[in-house]
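Here's a short tour of one protein model. Keep the sequence and the 3D view open as you read.

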Amino acid sequence: RLHLVTWNVGTASPPPDVTSLLQLDSLGPTMDMYVIGLQEVNSRITNFLSDLAFDDPWSIFFMTVLSPLGYIKLSSVRMQGLLLLVFVKHVHLPFIRDIHTHYTRTGLYGYWGNKGGVTIRMSLYGHTMCFMNCHLPAHMENTEQRLDDFEKILEMQFEGENIPSTLDHDVLFWFGDLNFRIADYGIHFVRESINNKRYNLLWEKDQLNMAKKKEAFLQEFTEGPLQFKPTYKFDLYSDVYDTSEKKRKPAWTDRILWRVKNLCQHTSREGEFSEEEQPISVTLDNYISHMSYGISDHKPVTGTFGLELKPLLSDPLVTLNPEGEWSAERDVLINYSAVPEFPSSAWDWIGLFKVTFRHANDYVTYAWVEDDEISSNKDSKQVYMSTAEIPDMGGEFLLCYYSNNLQSIVGISQPFQIHPNRTRTEKGLTQEENRWIQKPDNLQSHDEF
């Protein structure tokens, strides 16, 4: 289950609550993956420079919400106001590989990043997935420019790298503030149709729907029905359309589309396809806007999808677990084994993480797999971790194996308990020691250093 968010946040700070936006109050099964695409994140030069050195407020906000629920920030990419975040449940980490990010500027003839696209691609259980968050040119008359920019973004992502082009991925999600407007109809007819919930009267004059009928490369993209109010443009903190002097015409600027590569090939070759032949299928469960959020003149839009995959990978590259019971009073051992084809490196490491860790660098401590190895045989290896590195307070933790060659976590243990150091805890810890033990909660990102 994949939950995808697109939201032009209009340089605002995060809202106090995103429970409904992320469907956290849903009675159904929990999500496996969250993909969050934001546009117009505050990118004044001072903000942008500080965000390059530290995690930006939106990333911190979503990590704070999702990490206690068992999600890790898998990857992110930022280009000025464009931000794309991917969160996944821990259980999927060993089966997600080949993660790469890219961005393409299209503002000021390609020299400025206020418009363009940011992309994260990966292999998920052996299937290639690509997520593309775009902010295309504004204004009614710029339809052709929007289409030209989107084609340019498609062509330039990962160009010259040893990575499939965007359209060669098994599944491509395209979303963002695409800025397509409602043509021809006047503002009164548009608003009257919206007030009467007769959205279907406006669909045929939606510029993206019109372009899909003419442009072959767009016809391969699928979108759910627009059965929600146009999401632009609202007065702040209201559900009232623009009352300023400009009185902008409402439009469905914020969209989510997807493209399944095998589906395109089957339909073009044979005119029809069999579901049984599909190694991957995408089902849209709901496609809605969220009117209660008023920090911006756009309303956020979400799509909840079911991805059915025939796993091409079923075993993790590395399996690892703690040896025996762990206590903060003594040195400990980690057992791990790797599949024969695993491309190990001297720079691989095993991290000890709190169960609510936020991202791969949010470890409490780590051991180098080669430098700290103490035994090895054909079936498994053992790595040593000093008691001095183990948090005295103990608690619930897990182990992750990080591959330097693959730049990702390729193995994760089940959660386990570390017993506290009774001698130290009975004596009471100094204020400085307490601050250090709580480091992962206090720091937003190891990258700050």
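## A serine in a loop

Is S345 buried or exposed? S345 counts as buried because its relative accessibility is 10%, and buried means under 20% relative accessible area (exposed is over 50%, partly exposed is in between, with a 1.4 Å probe and protein chains only). By the way, this is a predicted model, where local features need pLDDT of at least 70, side-chain atom pairs count only at pLDDT 80 or more, and totals for chains, interfaces and linings use all residues. Residues are numbered from 1 along each chain as its sequence is written, and side-chain values use heavy atoms, with hydrogens and water left out.

You'll find S345 in the loop between strand 15 and strand 16 (349–354); strands are DSSP runs of E, at least two residues, and helices are runs of H or I, at least four, numbered from the N terminus. Setting aside neighbours within four places in sequence, S345 touches V369, E370, N404 and N405, where contact means heavy atoms within 4.5 Å.

Four strands make an open, antiparallel sheet in the order 13-15-19-18. Strand 13 (318–322) and strand 18 (373–376) are at the edges with a single partner strand each, so one side of each has no neighbour in the sheet. Strands pair if DSSP finds at least two bridges between them; strand 15 (residues 332–338) and strand 19 (residues 381–385) have five. Y336, for instance, has K381 in strand 19 as its bridge partner.

## Helix 2

In helix 2 (residues 57–66), the buried residues are W58, S59, F61, F62, M63 and L66. They pack against strand 1 (2–8), strand 2 (33–39), strand 3 (71–79) and strand 4 (82–89).
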